Each structure stands twice: as C-alpha cells, then as structure tokens.
2 protein chains.
Amino acid sequence: MFRTIKNIFSLVTGKPHVSKKVRSQETMNLILNRRSCRSFTDEEIGADDFQAILEAGRFAPSAVNLQTWSFITFTRNQWHEVFDRPIPFNGMRAIIVCADGARLKNHFSDFRETPYLNISFALFNAGLAAMNMTIAAEALGLKSIMLSETGKTGLLDFSYLQEKLGLPDLVIPVTTLVVGKEKGGKAGVPPRQPWNAVVMEKQYHEVNSQFLDDWFQQMFIGFKLTHPLSNFQKQLAFYKKKMAEAEEEIKKQYRT
Amino acid sequence: MFRTIKNIFSLVTGKPHVSKKVRSQETMNLILNRRSCRSFTDEEIGADDFQAILEAGRFAPSAVNLQTWSFITFTRNQWHEVFDRPIPFNGMRAIIVCADGARLKNHFSDFRETPYLNISFALFNAGLAAMNMTIAAEALGLKSIMLSETGKTGLLDFSYLQEKLGLPDLVIPVTTLVVGKEKGGKAGVPPRQPWNAVVMEKQYHEVNSQFLDDWFQQMFIGFKLTHPLSNFQKQLAFYKKKMAEAEEEIKKQYRT
C-alpha cells in the first residue's frame with residue numbers, strides 16, 4: 001500500500017531533472033513538456049505549417065544518410081476516403097510514417113543481402129524523422145500524437161494498412177502522426193522509467209526489477225485514471241491478438 | 001554531363017522548402033539547419049547540459065510508452081578506458097543509444113511471443129530518443145554526430161560493442177551520439193531525396209528511379225568533396241564486410 005501511494009506520487013511528480021536555466025530555453029522547454037494530445041479542435045492548419053512539419057522529417061538525419069522513410073499524408077477528407085472514418089481523436093491532418101526498405105532494395109543490388117540490417121536501420125531512421133516532425137509541430141504551436149497500437153493506424157495494423165495504402169513489400173507502416181490544435185486541457189504526464197534504469201555509465205547494467213514493477217504500476221494507475229470506463233484486462237487481450245497478427249507480417253518482411 | 005552539373009547544383013542548393021516566417025522560428029531553425037559535426041574542440045560540456053540531453057532522451061515518446069531504450073554514457077576518459085582510443089572526431093562526450101528489448105522481456109512474460117514486433121518498436125523508439133537528444137544538444141549550443149557505420153561505434157560493430165559494453169541479448173547498440181562544441185567551419189548539407197520521392201498523398205506510390213540515380217550521384221559527389229583522399233570503392237568494400245557481419249548478429253537477436 002505504501003508503494004502504491006509512492007507510485008501515485010511519482011506519477012504526478014515525475015518531471016525531468018534539469019536546471020531552471022535549461023528549462024527556460026525555448027526548444028528544451030518544448031522537448032521536455034511535449035505530451036501526446038488526445039483531442040483536437042476543428043481549426044485548420046496552415047499549408048505552410050504542414051509543409052514545414054514534413055520538411056522537418058525530410059531533413060532528419062539518417063544512418064549513412066540513406067533516408068529510408070516515406071510519409072503518407074492525409075487531410076480529414078482524404079483520411080475519410082481511405083479509411084471510411086475520421087482521423088483518430090478528431091485530428092486535422094495525419095502522416096503515416098513508414099520505414100521504407102523498398103526503394104533502396106529495388107535500386108541498389110548491394111542492399112539485397114542484408115535484410116535484417118536494412119530494416120533495422122529503416123525503423124531507427126523512421127524514429128528520427130517522426131521525432132523531428134513531432135517537435136516541428138510543437139514549434140509551430142500545434143499538438144500531435146503518434147499512434148502505433150490502436151485504431152488501425154500503426155504497426156499493429158500492418159496488413160490492413162498494406163492493403164489500404166498499396167504498400168509494397170519492405171514498406172513498414174510504423175506509426176500515424178496525428179496533428180492539429182489542442183482542444184481542452186493539457187494531458188497528464190505518462191510515467192517515465194527512472195533515470196537509473198535508463199542511463200548507464202560506461203557499461204551496461206541489469207535493472208533492479210523493483211524499478212520496473214513500480215513503473216508498471218504507475219502505468220496501470222495512469223491508465224485507470226485516464227480510461228476510468230475501460231477494462232484493462234480486455235484491452236490487454238485485444239492488444240495481444242493484434243500483436244500476434246503483426247508479428248507474422250513483420251517476420252515476412254525480413255524474408256522478402 | 002548536364003545531369004552531373006545539375007546534381008552538383010542541387011547538392012549546394014537543396015534547402016528545405018519553408019516560408020521565411022517558419023524559418024525564423026527558433027526551434028524550426030535548429031531542426032532545419034542541423035548538420036552532423038565532424039570536428040570538436042577540447043572545451044568541456046557542463047554537467048547540467050549533458051544531463052539535459054539525456055533527459056530529452058528519457059522524455060521522448062515511445063510506442064505504448066514502453067521506453068525500450070538504454071543510454072550508455074562516456075566522458076573522454078571513460079571512452080578511452082573502454083575502447084583504448086579517443087571518442088571519434090575528438091568528441092567531448094558520447095552516448096551509445098541501444099534499442100533495449102531485454103528489460104521488458106525478462107520482466108513481462110507476454111512480450112516473449114512477439115520478438116519481431118518488440119525489436120521493431122525498440123528500434124523505432126531508439127530513433128525517437130536519439131533525435132530528441134540531438135535537438136537538445138543543438139538547443140544548448142552544442143553540436144553532435146550520430147555514428148552507426150564506422151569506427152566501431154554502431155550497429156555495424158554489434159559483436160564488438162556487445163563484448164566491450166557487456167550487452168545482454170536483445171540489447172542492440174544502434175548508434176553512438178557524439179557531442180561537443182564545434183571546431184572550425186560549418187559542414188556541408190548532405191543531399192536529401194526530393195520531396196516527391198518521400199512525401200506521398202493518400203497512397204503509396206513507386207518512386208521515379210531517376211530521382212534516386214540523381215540523389216545517389218549527389219551522395220557520391222558529396223563524398224568525393226568531403227573525403228578527397230578516400231577511395232570510394234575501397235570504402236564500399238569495407239562497409240559490405242561489416243554489413244554482412246552485423247546481419248548475422250541482428251538475425252540472432254530475433255531468435256533469442
């Protein structure tokens with residue numbers, strides 16, 4: 001019980017450890033206060049701003065500068081045409097970020113011999129681009145959320161997206177970045193694993209498993225607070241089914 | 001020949017397409033002008049600043065908030081102790097960013113059934129964290145470079161790093177982020193694939209292969225300009241050997 005109270009406390013107070021000077025720096029402030037947004041207004045996004053977000057992705061760094069990504073863009077109407085429903089959370093625009101191993105494989109024969117390496121780099125690079133786009137959105141006064149796990153919009157819906165978007169082999173839809181203006185209050189802080197579990201000096205070290213128990217309990221409490229009507233066990237069962245399906249699809253890509 | 005001249009021109013003029021207003025925004029300016037730095041001074045980095053960079057990584061978003069990453073940190077002395085040579089490019093600090101599938105697999109049995117999915121998310125999440133740290137460094141007036149391909153510092157040196165850092169199975173060393181203050185002039189702009197090759201509306205489309213030929217020629221010319229004494233073919237042969245080795249190591253992780 002004491003640990004539960006302590007974890008509720010951590011959930012509310014788990015702020016980044018940085019100096020006031022650092023926190024007051026504009027970009028640091030954006031990075032450290034960024035939260036996923038789960039409710040968007042109907043206000044339009046300027047074409048300039050949307051283009052700037054995509055350019056932030058295009059100008060992200062990548063391993064060996066290979067830029068193994070594709071960004072598939074949607075307005076609300078376009079999303080409706082393709083998926084026959086609104087953008088999740090009523091977002092104004094959406095970008096499906098794909099790790100794209102197809103382009104280079106088709107073009108440069110040397111890449112054919114190392115599928116595991118190529119896809120690994122492509123997934124990492126997709127993360128670099130997605131983060132740059134997310135920060136760009138914040139910089140322009142917009143909010144966003146990356147969806148990978150629910151609502152037919154990310155890696156857990158691989159086959160569905162492959163069909164709807166006409167994705168060739170080796171193009172992996174990793175996440176949907178939903179963008180818009182925030183409606184209502186600021187969302188809570190999702191719990192972070194403690195510094196000592198993540199940052200290691202000089203050598204890798206195993207993590208104290210109590211850290212992970214505490215953090216998982218915080219996740220669970222957080223879920224209960226933000227989804228009071230939801231059944232956690234049912235949600236977990238749903239995810240596990242989706243995960244098993246996605247697993248088969250991803251495995252296939254490595255053998256293509 | 002005309003295309004070669006055109007490609008040299010593109011190499012020099014391939015700037016992001018954003019409005020002046022967007023470009024003048026501080027964070028957008030950092031994102032769009034960020035270049036990898038290949039020469040660092042001997043000036044120390046404040047402990048506060050280094051901590052802030054790591055916090056930017058720790059507070060990055062991740063799929064299902066699972067934070068599947070580890071950051072292994074080094075001062076110059078620590079790097080020397082472990083690797084018996086200086087940090088590449090004379091960097092002042094280094095962070096080896098790992099996609100970490102070990103922690104959750106050991107702790108939560110449900111994760112054991114979907115290794116491809118778990119590693120894919122871990123690689124993507126590592127990209128999100130690495131990008132956040134890179135931008136944080138820029139925000140604090142520092143420069144950085146991510147190394148994945150040379151000098152025993154990234155995914156292409158998997159076994160070597162696994163041994164030196166004591167990495168358990170399912171911890172994949174993706175990249176080394178080298179940080180410091182920049183020495184000398186600003187590096188050139190590495191060529192980006194054209195907008196139409198990367199950004200797609202509503203549906204995936206195959207990319208005109210001339211786009212890729214042009215871009216690859218720009219990469220080649222860029223390499224020649226920045227590495228005038230290097231032998232491109234020899235370099236390529238070296239990479240191919242490293243890639244084949246890394247391929248085996250990565251493949252093994254999915255079967256662990």
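Reader: What makes the radius of gyration of chain A agree with a compact globule?

Author: The radius of gyration is taken over C-alpha atoms, and the globule rule is 2.2 Å times the number of residues to the power 0.38. For 256 residues a compact globule would come near 18 Å, and chain A has 20 Å, which agrees. Along the principal axes, its C-alpha atoms fill a box of roughly 60 × 45 × 45 Å.

Reader: What kind of model is this, and how are residues and chains labelled?

Author: The model is predicted: local features need pLDDT of at least 70, side-chain atom pairs count only at pLDDT 80 or more, and totals for chains, interfaces and linings use all residues. Residues are numbered from 1 along each chain as its sequence is written, while chains are lettered from A and ligands numbered from 1 in the order in which they are written.

Reader: Why is Asn118(A) called buried?

Author: A residue is buried if 20 or more other C-beta atoms, placed from the backbone, lie within 10 Å of its own, exposed if 12 or fewer, and partly exposed in between. Asn118(A) has 24 C-beta neighbours inside 10 Å, so Asn118(A) counts as buried. Of the 256 residues of chain A, 46% count as buried.

Reader: What does Asn118(A) touch, not counting residues up to four places away in sequence?

Author: Asn118(A) touches Gly101(A) and Phe111(A) on that count; a contact means C-beta atoms, placed from the backbone, within 7 Å. Asn118(A) lies in helix H7, residues 115-139 of chain A, where a helix is a DSSP run of H or I of at least four residues, a strand is a run of E of at least two, and both are numbered from the N terminus.

Reader: Into which domains is chain A divided, and which helix gives the most to the side of domain 1 that touches domain 2?

Author: Chain A is divided into domain 1 (16-189) and domain 2 (191-256), with bounds from an automatic or database domain assignment. The contact takes 13 residues from domain 1 of chain A and 12 residues from domain 2 of chain A. H7(A) gives the most to the domain 1 side, with 3 residues.

Reader: How do you know that chains A and B are related by a two-fold axis?

Author: A rotation of 180 degrees with 0.0 Å of shift along its axis superposes chain B on chain A, with RMSD 0.0 Å.

Technical notes. Copies are superposed by least squares on the C-alpha atoms of residues with pLDDT of at least 70 in both. Two residues are in contact if their C-beta atoms, placed from the backbone, lie within 7 Å.
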